[in-house]
Amino acid sequence: MVSREHKRSAAALHEKLHLLRSITNSHALNKTSIILDASKYIEDLKQKVQRLNQDIANAQSTSSNHDQNALPPVQVTVETLEKGFLVNVLSEKSCPGLLVSVLEAFEDLGLNVLEARVSCADSFRLQALGGENDEEGESSIMDAQAVKQAVMLSIRNWSETNELRD
C-alpha cells in the first residue's frame, strides 16, 4: 500500500518535470530525457550569457579607448514583471537614433514591445514594457540584469556610431 505522502511527492515530482519540460521546450516523455534536454538548455543559456558578457567586455574596452564624454549620461533601470520587463531609459540630452538602438536590443533579446512611452524632444525618455516573444513556441529564461546589459550595450554602440559621424 502506497502512502498518501508518497503519492503527493510523486505528483509533485511529475508536476515539476512537466514544468521543466515546458520551460525547455522538450518533447521528451521520460524523466531521463527531460533532464537531459534541460541540461542542454542550461548549457545553451550559459553560452548566451558568456557571449553577452564577452560583448560587454569588448564594448567596455573599446569605449575606454574613446573619449568618455562622448556617451551622454544615461540612466537605465529594468524591473522584472510577471510576463516581461519594464525598461526605463533616461538621458538629460536629446539622443537622435537612440530609440532605434534600444528597440533593436529588444528584438535581439526576443522581446516584443507591448507598450511604450517615448519623449525625444529636449531629453530622451523611454518607458517600455517588453514581453517575451512566444511566436515560435520557444520560451526562454531571462533576467533583468541580462536585459539591462543588452540595453546598455546598445547605448554604447549607438554612442560610438554617433562619435564616428561627428
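**Salt bridges, sheet and surroundings**

Mentor: Let us begin with one side chain in this predicted model. At 51% relative accessibility, Lys46 counts as exposed, because the cut-off for that class is over 50%.

Trainee: With which residue does Lys46 form a salt bridge?

Mentor: The two partners lie 3 residues apart in helix α2 (residues 31-65), so about one helical turn separates them. An α-helix has 3.6 residues a turn, so residues three or four places apart point the same way. The closest N and O atoms are 3.7 Å apart, and the partner of Lys46 is Glu43.

Trainee: Is Glu43 buried, partly exposed or exposed?

Mentor: Buried requires a relative accessible area under 20% and exposed one over 50%. The value for Glu43 is 39%, so the class is partly exposed.

Trainee: Which residue forms a salt bridge with Arg8?

Mentor: Arg8 is exposed, with a relative accessible area of 53%. The closest N and O atoms are 3.6 Å apart, and the residue is Glu5.

Trainee: What is the relative accessible area of Glu5?

Mentor: Glu5 belongs to the exposed class, for which the cut-off is over 50%. The value for Glu5 is 53%.

Trainee: How far apart are the closest N and O atoms of Glu115 and Arg117?

Mentor: Side chains of opposite charge can pair when their charged atoms come close. Here Glu115 is partly exposed at 44%, whereas Arg117 is exposed at 52%. The two form a salt bridge, and the distance between their closest N and O atoms is 3.5 Å.

Trainee: How many salt bridges does the count give?

Mentor: The criterion is a side-chain nitrogen of Lys or Arg within 4 Å of a carboxyl oxygen of Asp or Glu. Among those that qualify is the pair Glu115 and Arg117. By this rule the count is 3.

Trainee: How far apart are the end C-alpha atoms of helix α1?

Mentor: Helix α1 covers residues 4-23, which is 20 residues. At 1.5 Å a residue it should span 28 Å, and the model agrees with this expectation. The distance between the end C-alpha atoms is 28 Å.

Trainee: Which residue just after α1 takes a positive phi?

Mentor: The phi angle in question is about 60 degrees. The residue that takes it is Asn25.

Trainee: In what order do the elements of the protein run?

Mentor: The secondary structure comprises 4 helices and 4 strands. Read from the N terminus on, the order is α-α-β-β-α-β-β-α.

Trainee: Which strands are the edge strands of the sheet?

Mentor: The 4 strands form an open sheet with antiparallel pairing, in the order β1-β2-β4-β3. An edge strand pairs on one side only, and the edge strands are β1 and β3 (111-119).

Trainee: By how many degrees are neighbouring strands of this sheet turned against each other on average?

Mentor: The average is taken with direction ignored. It comes to 15 degrees.

Trainee: How many bridges join β3 to β4?

Mentor: β3 and β4 form a hairpin with 4 residues between them. Asn112 has Gly131 as its bridge partner in β4, and Arg117 has Gln127. Strand β4 (residues 124-132) runs antiparallel to β3, and the number of bridges is 8.

Trainee: Is Asn88 buried or exposed?

Mentor: Asn88 is found in strand β2 (residues 84-91). Leaving aside neighbours within four places in sequence, its contacts include Gln75, Val76, Leu126 and Gln127. With a relative accessibility of 16%, against a cut-off of under 20%, Asn88 counts as buried.

Trainee: How far apart in space are Leu81 and Leu129?

Mentor: Leu81 lies in strand β1 (residues 74-81) and is partly exposed at 35% relative accessibility. Beyond its neighbours within four places in sequence, Leu81 is in contact with Leu86 and Leu129. Leu81 and Leu129 are 48 residues apart in sequence, and their C-alpha to C-alpha distance is 8.9 Å.

Trainee: What percentage of the residues in the protein is buried?

Mentor: The accessible surface comes to about 11400 Å², with 51% belonging to carbon and sulfur atoms. Of the 166 residues, the buried ones make up 31%.

Terms used: Residues are numbered from 1 along each chain as its sequence is written. This is a predicted model: local features need pLDDT of at least 70, side-chain atom pairs count only at pLDDT 80 or more; totals for chains, interfaces and linings use all residues. Side-chain values use heavy atoms; hydrogens and water are left out. Helices (H or I, at least four residues) and strands (E, at least two) are DSSP runs, numbered from the N terminus. Buried means under 20% relative accessible area, exposed over 50%, partly exposed in between (1.4 Å probe, protein chains only). Contact means heavy atoms within 4.5 Å. Accessible areas come from the Shrake-Rupley method with a 1.4 Å probe; for residues, only the protein chains shown count as cover. Two strands pair if DSSP finds at least two bridges between them. Axes are lines fitted to C-alpha atoms, for helices over the stretch in contact, and angles run from 0 to 180 degrees between N-to-C directions. The expected span of a helix is 1.5 Å times one less than its number of residues.
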